[in-house]
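Welcome, and thanks for taking a look at this one with me. Please have the chain open in your viewer as we go from the overall build to a few individual residues.

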Amino acid sequence: MALDQSFVGRVYPPTDPYEVGREKIREFAEAVGDANPAYTDPDAAKALGYADVIAPPTFVFSITFKAAGQVVQDPQLGLDYSRVVHGDQKFAYRRPVRAGDRLTVTSTIEAVKSMAGNDILDIRGEVHDESGEHVVTAWTKLVARAAEPAESVDATDGKA
């Protein structure tokens with residue numbers, strides 16, 4: 001069943017603050033294979049004008065995708081998450097994420113489309129720090145694949 005278009009524009013409450021730690025940044029940088037010293041060495045980050053280490057650009061995916069869970073789990077929306085694949089992701093930064101940031105995410109449904117029986121959901125996550133400063137906007141595209149057609153059953157013996 002196609003998702004309801006009336007959900008476009010629905011805004012979900014901000015998440016609880018997520019505190020960005022140096023170790024989490026280091027672990028993420030290692031996991032994605034990015035050896036930029038600004039992600040692991042406070043002195044290298046300071047040499048670039050930052051107060052502490054900064055996070056790789058895709059670091060906020062983990063918190064914005066978790067925040068999008070509010071949308072995914074909204075029973076009124078009726079999204080079948082068992083059929084969902086991640087379609088796309090993009091970010092627009094105002095400033096880098098820094099160790100010590102306490103970030104909240106507010107998710108908004110930007111678009112609901114149906115294409116070839118698939119539901120496509122665009123979610124915008126606005127990330128702000130503790131002072132209310134806008135840090136980054138993240139867009140997540142989720143695709144709920146169409147259900148497989150039911151096998152036809154032979155009326156004479158009940159077998160497919």
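## Contacts and ground rules

Contact here means heavy atoms within 4.5 Å.

This is a predicted model, in which local features need pLDDT of at least 70 and side-chain atom pairs count only at pLDDT 80 or more, while totals for chains, interfaces and linings use all residues. Residues are numbered from 1 along each chain as its sequence is written, and side-chain values use heavy atoms, with hydrogens and water left out.

## Overall build

The chain has three helices and five strands, in the order β-α-α-α-β-β-β-β from the N terminus. These elements are DSSP runs numbered from the N terminus, with helices being H or I of at least four residues and strands E of at least two.

The radius of gyration of the chain is 20 Å, whereas a compact globule of 160 residues would be near 15 Å. That radius is taken over C-alpha atoms, and the globule rule is 2.2 Å times the number of residues to the power 0.38. The C-alpha trace spans about 75 × 35 × 25 Å along its principal axes.

## Surface and charge

Of the 160 residues, 38% are buried; the classes are buried under 20% relative accessible area, exposed over 50% and partly exposed in between, with a 1.4 Å probe and protein chains only. Carbon and sulfur atoms hold 52% of an accessible surface of about 9200 Å², computed by the Shrake-Rupley method with a 1.4 Å probe, where for residues only the protein chains shown count as cover.

The chain carries 17 positive and 25 negative charges, and their mean positions are 3 Å apart. Lys and Arg count as positive and Asp and Glu as negative, leaving out His and the chain ends; each charge is placed at NZ of Lys, CZ of Arg, CG of Asp or CD of Glu.

## Thr-140 and Gln-89

Thr-140 sits in strand β5 (residues 134-144) and counts as buried because its relative accessibility is 5%. Gln-89 belongs to strand β2 and is also classed as buried, at 18% relative accessibility. Their side chains are joined by a polar contact of 3.1 Å. Such a contact is a pair of N or O atoms within 3.5 Å; within protein, one must be able to donate a hydrogen and the other to accept it, and residues adjacent in sequence count only if both atoms are side-chain atoms.

The side chain of Gln-89 makes another polar contact, with the side chain of His-86 at 3.0 Å. Leaving out residues up to four places away in sequence, Gln-89 touches Phe-61, Thr-64, Ala-138, Trp-139 and Thr-140. With that exclusion, the residues touched by Thr-140 include Phe-65, Leu-121 and Ile-123.

## Residues in the loops

Which loop holds Ala-116? Look between β3 (102-115) and β4 (118-128). Ala-116 has a positive phi of about 55° although it is not a glycine, and at 75% relative accessibility it counts as exposed.

Pro-75, in the loop between α3 (61-72) and β2 (84-93), is exposed as well, at 73% relative accessibility. Thr-58 lies in the loop between α2 (42-47) and α3 and is partly exposed at 37%. Beyond its neighbours within four places in sequence, Thr-58 is in contact with Phe-28, Phe-91 and Tyr-93.
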